[in-house]
Amino acid sequence: MKRINWDLEEAVALYDLYFKSGQTLSIDKDKLKQLSEVLNRRARLKGWIVDDKFRNVTGLSMQVATIHYIVTGGKEGLKNSSKIFREVYDLYKEDPEKFDRMVKEFYLKYEWVKEVNGLIFYEVGVESIKVEYPDNKAS
C-alpha cells in the first residue's frame, strides 16, 4: 500500500484533539479511536485505498508526540515531525479563528459519515439518510 502523507484537514483534527485533551501526551485511547475511525471513513470517501494501519491509534499517538514536541518547543515529545504539523501549529497561533473554523468544517463534513457493508451513509437527520457509493457506481 502506498504511504499517504498527512494533509491539512487531518492535522487540524489531531491538533484539535490534542488541545482539547489538555496538551498532553496521554490522550484517552477511546478518543484517539474515534478520531481514527473518522479519518478512515474520510479516506475511503476520498477513494484512498487504506489498510488497518492507516491512521490507527498507535500512529495517532506517535503523531501526538510530534505535536507535543512542537508545542513544548522541543522540551518533550518526538522530534521528527512532518512539515504539515509545524504549519498547523503556526496557523493555530497566527489565526485561531481560521483554525477553529477548519475544525468545525472537518467535523461537519466527516463526523456524521457511517460505513456499512462498504456503502457510505451521510446521516442527514434522525430518519433521513443519503447513500453514496465509494466508487460512484450503484450496484
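Leaving out residues up to four places away in sequence, S36 touches F54, R55, N56, V57 and L60, where contact means heavy atoms within 4.5 Å. S36 has its place in helix α2, and it counts as buried because its relative accessibility is 10%; buried here means under 20% relative accessible area, exposed means over 50%, and partly exposed lies in between, with a 1.4 Å probe and protein chains only. The model is a predicted one, in which local features need pLDDT of at least 70 and side-chain atom pairs count only at pLDDT 80 or more, while totals for chains, interfaces and linings use all residues. Residues are numbered from 1 along each chain as its sequence is written, and side-chain values use heavy atoms, with hydrogens and water left out.

The protein contains five helices and three strands, arranged along the sequence in the pattern α-α-α-α-α-β-β-β; helices (H or I, at least four residues) and strands (E, at least two) are DSSP runs, numbered from the N terminus. Of its 139 residues, 36% count as buried, and among contacts between residues at least 6 apart in sequence, 56% join residues at least 24 apart. The protein exposes about 8800 Å², of which carbon and sulfur atoms supply 50%, the areas coming from the Shrake-Rupley method with a 1.4 Å probe and, for residues, with only the protein chains shown counting as cover.

Helix α2, to which S36 belongs, has 17 residues and reaches 24 Å from its first C-alpha to its last, close to the 24 Å expected at 1.5 Å a residue; the expected span is 1.5 Å times one less than the number of residues. At the start of α2, a side-chain oxygen of D28 comes to within 2.9 Å of the backbone nitrogen of D30, and after the helix comes G47, with a positive phi near 85°.

F54 counts as buried because its relative accessibility is 5%, and, leaving aside neighbours within four places in sequence, it is in contact with I4, E10, S36, L39, N40, A43 and W48. F54 and N40 are 14 residues apart in sequence, yet their C-alpha atoms are 7.1 Å apart in space. R55 is buried too, with a relative accessible area of 9%, and its phi is positive, about 50°, although it is not a glycine. Most residues other than glycine have a negative phi. Q23, in the loop between α1 and α2, also has a positive phi, near 55°, without being glycine, but Q23 counts as partly exposed, at 38% relative accessibility.

What does the largest nonpolar core contain? It has 30 residues, and those with the most contacts inside it are L14, Y15, L35, F85, F99 and F106; such a core is a set of buried Ala, Val, Leu, Ile, Met, Phe, Trp, Tyr and Cys residues joined through side-chain atoms within 4.5 Å. The elements giving two or more residues to this core are α1 (8-20), α2 (29-45), α3 (57-71), α4 (83-94) and α5, with the largest share, eight residues, coming from α1. L35 touches A13, L14, L17, L60, F106 and Y107, not counting residues up to four places away in sequence.

Helix α5 (residues 96-110) has 15 residues and spans 21 Å from first C-alpha to last, close to the 21 Å expected at 1.5 Å a residue. Its buried residues are F99, M102, V103, F106, Y107 and Y110. Seen down the axis of α5, these fall within an arc of 125°, so they line one face of the helix, the arc being that of the directions from the helix axis to the C-beta atoms. The face turned away from this buried side carries the exposed residues E97, K104 and L108. F99 counts as buried because its relative accessibility is 1%, and, apart from neighbours within four places in sequence, it is in contact with V12, Y15, D16, F19, V88, L91 and Y92. The C-alpha atoms of F99 and V88, 11 residues apart along the chain, are separated by 8.2 Å.

Definitions and conventions: Polar contact = N/O pair within 3.5 Å; in protein donor to acceptor, adjacent residues only side chain to side chain.
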